[in-house]
Amino acid sequence: MAHYRASDSKREHFRRYLEKTGVVDSLTSVFVSLYEQQEKPPNALEYVKEHLGAVPLTSADTEALQQEVNDLRQRCACLEEENKDLKARLQQYEPASEDGGAAN
């Protein structure tokens, strides 16, 4: 009998955890939405995944994102190089402007 109560307690604790974190509300809203569909989707699991935002990226999505990352890395490297060059050019003129300001 004690084992039964411990199991019930764990279940109740888990149920409260799911309620507190919003899982129950999210699942309920997705299931209600599915229930209210006039034409039921052929794959209910895919419907639930899609409406919970758990749809995996396709390989085309992954490739596009990877290409964007590569492009942005290349752009960042170019900008860093440009920044380095501009700082070097600025260093050439800074001492002259400081001396010129002190002479006035």
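This passage describes the fold, confidence and side-chain contacts of a single predicted chain.

The model is predicted: local features require pLDDT of at least 70, side-chain atom pairs count only at pLDDT 80 or more, and totals for chains, interfaces and linings use all residues. Residues are numbered from 1 along each chain as its sequence is written, and side-chain values use heavy atoms, with hydrogens and water left out.

Confidence was examined through pLDDT, the predictor's confidence in each residue on a scale from 0 to 100. The chain has a mean pLDDT of 86. A value of 70 or more is reached by 84% of its residues. Among the elements, helix H2 (residues 23-36) has the highest mean, 93. Helix H1 (residues 2-20) has the lowest, 84.

Secondary structure was taken from DSSP runs, numbered from the N terminus; helices are H or I runs of at least four residues, and strands are E runs of at least two. The chain holds four helices and zero strands. Along the sequence the pattern reads α-α-α-α. Solvent exposure was classed by relative accessible area: buried is under 20%, exposed is over 50%, and partly exposed lies in between (1.4 Å probe, protein chains only). Of the 104 residues in the chain, 4% are buried.

Charged contacts come next. Side chains of opposite charge can pair when their charged atoms come close. A salt bridge is counted when a side-chain nitrogen of Lys or Arg lies within 4 Å of a carboxyl oxygen of Asp or Glu. The count is four. Glu12 takes part in a bridge with Arg15, where the closest N and O atoms are 2.1 Å apart. The two residues are three apart in helix H1, so about one helical turn separates them. Glu12 also bridges to Arg16, with closest N and O atoms 3.7 Å apart. Here the spacing in H1 is four residues, again about one helical turn. Arg15 has a further bridge, to Glu19, at 2.5 Å from N to O. Arg15 and Glu19 are likewise four residues apart in H1, about one helical turn. Through shared partners, the salt bridges join Glu12, Arg15, Arg16 and Glu19 into one network. Each member is partly exposed. Relative accessible area is 31% for Glu12, 35% for Arg15, 45% for Arg16 and 40% for Glu19.

Aromatic contacts were also counted. Rings of Phe, Tyr and Trp (its six-membered ring) pair if their centres lie within 6.5 Å; planes under 30 degrees apart count as stacked, over 60 as edge-to-face and the rest as tilted. The structure holds one such pair. A charge sits over a ring if NZ of Lys or CZ of Arg is within 6 Å of the ring centre and within 35 degrees of the ring normal. Lys40 lies over the face of Tyr35, at 5.7 Å from the ring centre. Phe31 is located in helix H2. Phe31 is partly exposed, at 45% relative accessible area. The C-alpha atoms of Phe31 and Val48 are 7.6 Å apart, while the residues are 17 apart in sequence.

Both ends of helix H3 (residues 44-52) were inspected. After the helix comes Gly53, with a positive phi near 80 degrees.

Cysteines were checked last. A disulfide is a pair of cysteine sulfur atoms within 2.5 Å. The structure holds zero disulfides. Cys76 is in none; its nearest cysteine sulfur, that of Cys78, is 9.3 Å away. Seen from Cys78, the closest cysteine sulfur is in Cys76, and the 9.3 Å gap is too far for a bond. Cys76 is partly exposed, with a relative accessible area of 39%.
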